[in-house]
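The following paragraphs lead the reader through selected features of one structure. Please keep the sequence and the model in view while reading.

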Amino acid sequence: MAWRLIALVLLLAWTAPTCRARVRTDLLNVCMDAKHHKAKPGPEDKLHAQCTPWRKKACCTVSTSQELHKDTSRLYNFTWDHCSKMEPACKRHFIQDNCLYECSPNLGPWIQEVNQSWRKERILQVPLCREDCEQWWQDCRTSYTCKSNWHRGWNWTSGVNKCPARTTCRTFEAYFPTPAALCEGIWDHSYKATNYRRGSGRCIQMWFDPAQGNPNEEVARFYAGARNAGVMPQGIEHLLLSLAPMLYLWLLGRV
């Protein structure tokens, strides 16, 4: 029996580095494989308006940053004014949200593969700083929408997103009763509401002063390190579970 235990330990020691090697390592300074993202981040000195915090290292181009500031952008033919004119204080948060999505090279730890016609990757459960989420909700609560998940379910027959049949335009607060409901629901859990504050090193900031550096670099390094240290490759858990009965019988000497 002793030699079997020794053999098992040696087997696990040999396979562990192989498993770790399959974990995604390009979690820092990366761009998503999506519709308008660059292949690699780089300087874009002339990024437009609210996207300028990412000009030193951006996944978006100048033209993309310009389109993000339009009421109906050609990037996705998406309009914020699907119910009525969105209030400017609210719209600035959506512009900043889109600048973060399109331009940031610090979202690697939350990039997930997807099977969609217009992109191969998305972000999922990015931990958003509490102030960013709460102010977004506060400034948008009196604007109007007709859906609580903007990722899907629109009427696109006109070429632009329209409210689906049998939906009603109500205030944001009616569809999103809390800041967390807005931040987590609006883009189908792209973001995760947290209690972490700006500057904590544990949450992503949509808003920051580039003169003080990009705080999201530290946040990405923290979560990338945690992921690489503690997470097995996707699917390996199921493989180990399927092999468990065989390993048990092998240890008993029956196989």
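In this predicted model, cysteine 90 has a relative accessibility of 0% and therefore counts as buried, the limit being under 20%. Cysteine 90 is joined to cysteine 140 by a disulfide with an S to S distance of 2.0 Å. The pair links distant parts of the chain, with cysteine 90 in helix α3 and cysteine 140 in helix α4, 50 residues apart. Cysteine 140 is likewise buried, at a relative accessible area of 0%. The torsion about this S-S bond is about 100°, so the disulfide is right-handed.

Helix α4 spans residues 130-140, and its buried residues include Cys133, Trp136 and Trp137 as well as Cys140. These buried residues pack against α3, β5, α5, α6 and β8.

The whole structure holds eight disulfides. One of them connects cysteine 83 and cysteine 169, whose sulfur atoms are 2.1 Å apart.

Another disulfide joins cysteine 31 to cysteine 59. Cysteine 31 and cysteine 59 both lie in the loop between α1 and α2, 28 residues apart, and both are buried. With a torsion of about -90°, this disulfide is also left-handed.

Finally, glutamate 121 belongs to strand β4 and is buried at 10% relative accessibility. A polar atom of its side chain lies 2.8 Å from the backbone nitrogen of aspartate 33.

Terms used: Residues are numbered from 1 along each chain as its sequence is written. This is a predicted model: local features need pLDDT of at least 70, side-chain atom pairs count only at pLDDT 80 or more; totals for chains, interfaces and linings use all residues. Side-chain values use heavy atoms; hydrogens and water are left out. Buried means under 20% relative accessible area, exposed over 50%, partly exposed in between (1.4 Å probe, protein chains only). Helices (H or I, at least four residues) and strands (E, at least two) are DSSP runs, numbered from the N terminus. Contact means heavy atoms within 4.5 Å. A polar contact is a pair of N or O atoms within 3.5 Å; within protein, one must be able to donate a hydrogen and the other to accept it, and residues adjacent in sequence count only if both atoms are side-chain atoms. A disulfide is a pair of cysteine sulfur atoms within 2.5 Å.
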